[in-house]
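This briefing is meant for a reader who is meeting the structure for the first time. Please look over the sequence and the 3D view below before turning to the notes that follow.

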Amino acid sequence: MSAWTTAQLDTIRELGHQGVQAVHDAILDRYGVDHTLHAIEAQASRIHASLKVLDECPECHALGIRINRQSGMCKRCTEAAHVAEEEAYSQLLEAEAAGCDSGPEYDELHRRWAQLRQKNSRLMRKHGLKGKRERL
Ligand SMILES: [Zn+2]
């Protein structure tokens, strides 16, 4: 059994929320030391560090929060994605309501819309969110 260094103990504190296996892999990767899972659990308990796996939002990296099963993100980031989508839709409606078919204002709105749609489609693809058609 190899001795534990401060850096290895710090790795437990740093990555404990990802579980004992992640800590094991990180210590092996960083320091080339292959502690048993049991040894890691023993050390974690000794330094009062938790190895309980916590959910992490892939967008804002908040820990220990509830993940929306559909979006895979926390509630706030899920809502932010909804807002971004509605914002784009709103721009379109405003352009329609203004009754303009062309002109600089229309061009600017259309450009902004395309940008937002691209952003939303990236968000939806990245997080497997439902498309607008699937929501209606
Ligand atoms: Zn989030």
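This is a predicted model: local features need pLDDT of at least 70, side-chain atom pairs count only at pLDDT 80 or more; totals for chains, interfaces and linings use all residues.

The domain assignment of the chain gives two parts, domain 1 covering 6-46 and domain 2 covering 75-135. Between the C-alpha centres of domain 1 and domain 2 there is a distance of 44 Å.

**Helices α1 and α2**

- The axes of helix α1, which spans residues 6-15, and of α2 come within 9 Å of each other and cross at roughly 140°.
- Because angles over 145 degrees would count as roughly antiparallel and 65 to 115 as roughly perpendicular, α1 and α2 are described as oblique to each other.
- On the α1 side the contact involves Ala7, Gln8, Thr11, Ile12 and Leu15, and these meet Ala22, Val23, Ala26, Ile27, Arg30 and Tyr31 in α2.
- Sorted by class, the contact of α1 with α2 has eight nonpolar residues, two polar residues and one charged residue.

**Helices α2 and α3**

- Helix α3, made of residues 37-46, packs with α2 at an angle of about 105°, and the two axes are 10 Å apart.
- Since angles from 65 to 115 degrees count as roughly perpendicular, α2 and α3 are roughly perpendicular to each other.
- From α2 the contact is made by Val20, Gln21, Val23 and His24, while α3 contributes Leu37, Ile40 and Glu41.
- The residues of this contact of α2 with α3 divide into four nonpolar, two polar and one charged.

- Val23 is found in helix α2, which covers residues 20-31, and it takes part both in the contact with α1 and in the contact with α3.
- Val23 has 26 other C-beta atoms within 10 Å and is therefore buried, given that 20 or more are needed for that label.
- Leaving aside residues up to four places away in sequence, Val23 touches Thr11, Ile12, Leu15, Gly16, Ile40 and Leu51.
- Although Val23 and Gln8 are 15 residues apart in sequence, their separation in space is 9.0 Å, C-alpha to C-alpha.
- Arg30 also has its place in helix α2, and with 11 C-beta neighbours inside 10 Å Arg30 counts as exposed, because that label applies when there are 12 or fewer.
- The C-alpha atoms of Arg30 and Tyr106, which stand 76 residues apart along the chain, are separated by 55 Å.

**The loop between α3 and α4**

- His48 lies in the loop between α3 and α4, and its phi is near 55°, a positive value in a residue other than glycine.
- With 7 other C-beta atoms within 10 Å, His48 is exposed.
- His61 lies in the loop between α3 and α4 as well, and it has a positive phi of about 60° although it is not a glycine.
- His61 is likewise exposed, with 8 other C-beta atoms within 10 Å.

**Helices α4 and α5**

- The axes of helix α4, which runs over residues 75-97, and helix α5, which runs over residues 104-127, come within 9 Å and cross at roughly 155°.
- That angle makes α4 roughly antiparallel to α5, since values over 145 degrees are counted in this way.
- The crossing of α4 and α5 is left-handed.
- The α4 side of the contact is made by Ala81, Ala84, Glu85, Glu87, Ala88, Gln91, Leu92, Glu94 and Ala95, and the α5 side by Tyr106, Leu109, Arg112, Trp113, Leu116, Arg117, Lys119, Asn120 and Leu123.
- By class, this contact of α4 with α5 has 10 nonpolar, two polar and six charged residues.

**Ser121 in α5**

- Ser121 has its place in helix α5, and with 14 C-beta neighbours inside 10 Å Ser121 counts as partly exposed.
- Ser121 and Ala42 are 79 residues apart in sequence, and their C-alpha to C-alpha separation in space is 46 Å.

How values were computed
Residues are numbered from 1 along each chain as its sequence is written. Domain bounds come from an automatic or database domain assignment. Helices (H or I, at least four residues) and strands (E, at least two) are DSSP runs, numbered from the N terminus. Two residues are in contact if their C-beta atoms, placed from the backbone, lie within 7 Å. Axes are lines fitted to C-alpha atoms, for helices over the stretch in contact, and angles run from 0 to 180 degrees between N-to-C directions. Angles under 35 degrees count as roughly parallel, over 145 as roughly antiparallel, 65 to 115 as roughly perpendicular and the rest as oblique. A crossing is left-handed if the near helix is turned anticlockwise from the far one by less than a right angle, and right-handed if clockwise. Ala, Val, Leu, Ile, Met, Phe, Trp, Tyr, Cys and Pro count as nonpolar, Asp, Glu, Lys and Arg as charged, and the others, Gly among them, as polar.
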